[in-house]
Amino acid sequence: MGRSSKDKRDIYYRLAKEEGWRARSAFKLLQLDQEFNLFTGVNRAVDLCAAPGSWSQVLSRKLRGLEEKGEKVEEVKIVAVDLQAMAPLPGVTQIQGDITKVSTAQEIIRHFEGQPADLVVCDGAPDVTGLHDVDEYIQAQLLLAALNITSHVLKPGGTFVAKIFRGKDVTLLYSQLKLFFGGVTCAKPRSSRNSSIEAFVVCQNYSPPEGYVPNMSNPLLDHAYDVDFNQLQGPNRVIVPFLACGDLSAFDSDRTYPLQLDSGKQYEYTPPHAAPDLPPLPAGLPPPKKQPAVQRRCQTSRPEPGRDGSNSRVQLIRLTAADLWGKLHSF
Ligand SMILES: C[S@@+](CC[C@H](N)C(=O)[O-])C[C@H]1O[C@@H](n2cnc3c(N)ncnc32)[C@H](O)[C@@H]1O
């Protein structure tokens, strides 16, 4: 397979390299901004689950770009957090840690004491196991950990944007978000593949219930609830609006495009932009073993059984009982 074949299959991957973004995810935040005007009046922002850093790049360019033009008087502050190290970015403070851990949350909160954030974004995605219920559960936990941190650092009226998997318990998540925000919309940017269950909740006008005291040790989501929230009717059921962002003029992330996009401009291969976060292996060492399915990162598409053995239920059968046991005990 030629090195340009991914450029052909994934237009946003290609554009990200050409425009200098570290990941194609940058377009998701940019397209959400086009729809919701996320950055107006924003000086202080938190980027949760930030590596390799394309959302932090967007925040840095948008917030600091305005500052450089002299349009902002207050100091811009951007704090980015991830389990993994990421290459430095101008004006972005980095914290390496797990957002579900109280110690990481406290470190983030310290940066905003006395001066709350205007915007919190979270593009967190778990290492997918392929077991949909498990993946959706971990994703929900990431979102709720992000919401917990948000409840400590976001100013009243502020905005929270987070990746969400539209799985079977999503109604419960919407209900919980609606407790904290005046408006909750589920949005799907054009750069997010239709084949993926991923979408983004855009939660506006932070207004926690009266008397609510943020508390990291109180998980908001209690999976011991015995009601099927999706069966609730009438006012008990929260249905949030769903918005497909943009119009048909944007590139379709599920389509394959020719390399020659513009007849006046010759296609040129661009190498990936993000700097490696690990040094190359010392000479003489054997190449690393291929990672098993359970360790693949950030994959949000639903597997298509039978079409592709590398991403299907068939592959799950190859997991050993020990893998599965370890995975279930890590929650
Ligand atoms: C889809 S990637 C984020 C891409 C990023 N928004 C960008 O634009 O470059 C998901 C990230 O979530 C991070 N992540 C997953 N679980 C996490 C956790 N518990 N705490 C912190 N980061 C986490 C992963 O390390 C991964 O870098």
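In the predicted model, Gly 53 touches Arg 22, Ala 80, Met 86, Ala 87 and Leu 89, residues up to four places away in sequence being left out of the count. Gly 53 lies in the loop between β1 and α4 (54-68). Because 28 C-beta neighbours fall inside 10 Å, Gly 53 counts as buried. The UniProt annotation "binding site", taken from an unreviewed entry, covers Gly 53 together with Trp 55, Asp 82, Asp 98 and Asp 123.

Trp 55, another of the positions that the UniProt record annotates, is placed in helix α4. Trp 55 also counts as buried, since it has 28 C-beta neighbours inside 10 Å. Not counting residues up to four places away in sequence, the contacts of Trp 55 are Ser 25, Ala 26, Leu 29, Asp 47, Ala 50, Val 121 and Asp 123.

The peptide bond that joins Ala 51 and Pro 52 is cis, with omega at about 0°. Cys 49 is not a glycine, yet its phi is positive, at about 60°. Cys 49 is classed as buried because 24 other C-beta atoms lie within 10 Å.

The protein has 331 residues, and 34% of them count as buried. Among contacts between residues at least 6 apart in sequence, 75% join residues at least 24 apart.

The largest nonpolar core has 69 residues, and within it Leu 48, Val 120 and Ala 146 touch the most other members. The most residues given to this core by a helix come from α6 (residues 132-153), with nine. With neighbours within four places in sequence set aside, Leu 48 is in contact with Val 81, Ile 99, Val 120, Val 121, Cys 122, Gly 124, Ala 146 and Ile 149.

Helix α5 (residues 102-111) has Thr 104, Ala 105 and Ile 108 as buried residues. Viewed down the axis of α5, these buried residues fall within an arc of 100° and therefore line one face of the helix. An α-helix has 3.6 residues a turn, so residues three or four places apart point the same way. The buried residues of α5 pack against β1 (44-48), β2 (77-82), β3 (92-96) and α6. On the face of α5 turned away from the buried side are the exposed residues Ser 103 and Arg 110.

Two further helices are each followed by a residue with positive phi. In helix α2 (residues 11-19), the buried residues include Ile 11, Tyr 12, Arg 14, Ala 16 and Lys 17. Gly 20, which follows α2, has a positive phi near 85°. Ile 11, found in α2, counts as buried because it has 21 C-beta neighbours inside 10 Å. Leaving aside neighbours within four places in sequence, Ile 11 is in contact with Phe 251, Ser 253 and Tyr 257. In helix α3 (residues 26-36), Ala 26, Phe 27, Lys 28, Leu 29, Gln 31 and Leu 32 are buried. Asn 37 follows α3, and its phi is positive, near 55°.

A positive phi is also found at Asn 205, where the value is near 60° in a residue other than glycine. Asn 205 belongs to strand β7 (residues 198-206). Asn 205 is classed as partly exposed because 13 other C-beta atoms lie within 10 Å.

Notes: Residues are numbered from 1 along each chain as its sequence is written. This is a predicted model: local features need pLDDT of at least 70, side-chain atom pairs count only at pLDDT 80 or more; totals for chains, interfaces and linings use all residues. A residue is buried if 20 or more other C-beta atoms lie within 10 Å of its own, exposed if 12 or fewer, and partly exposed in between; C-beta atoms are placed from the backbone. Two residues are in contact if their C-beta atoms, placed from the backbone, lie within 7 Å. Helices (H or I, at least four residues) and strands (E, at least two) are DSSP runs, numbered from the N terminus. A nonpolar core is a set of buried Ala, Val, Leu, Ile, Met, Phe, Trp, Tyr and Cys residues joined through C-beta atoms within 7 Å. The arc is that of the directions from the helix axis to the C-beta atoms. UniProt positions are given in the numbering used here, feature names are shortened, and annotations may be inferred rather than shown by experiment.
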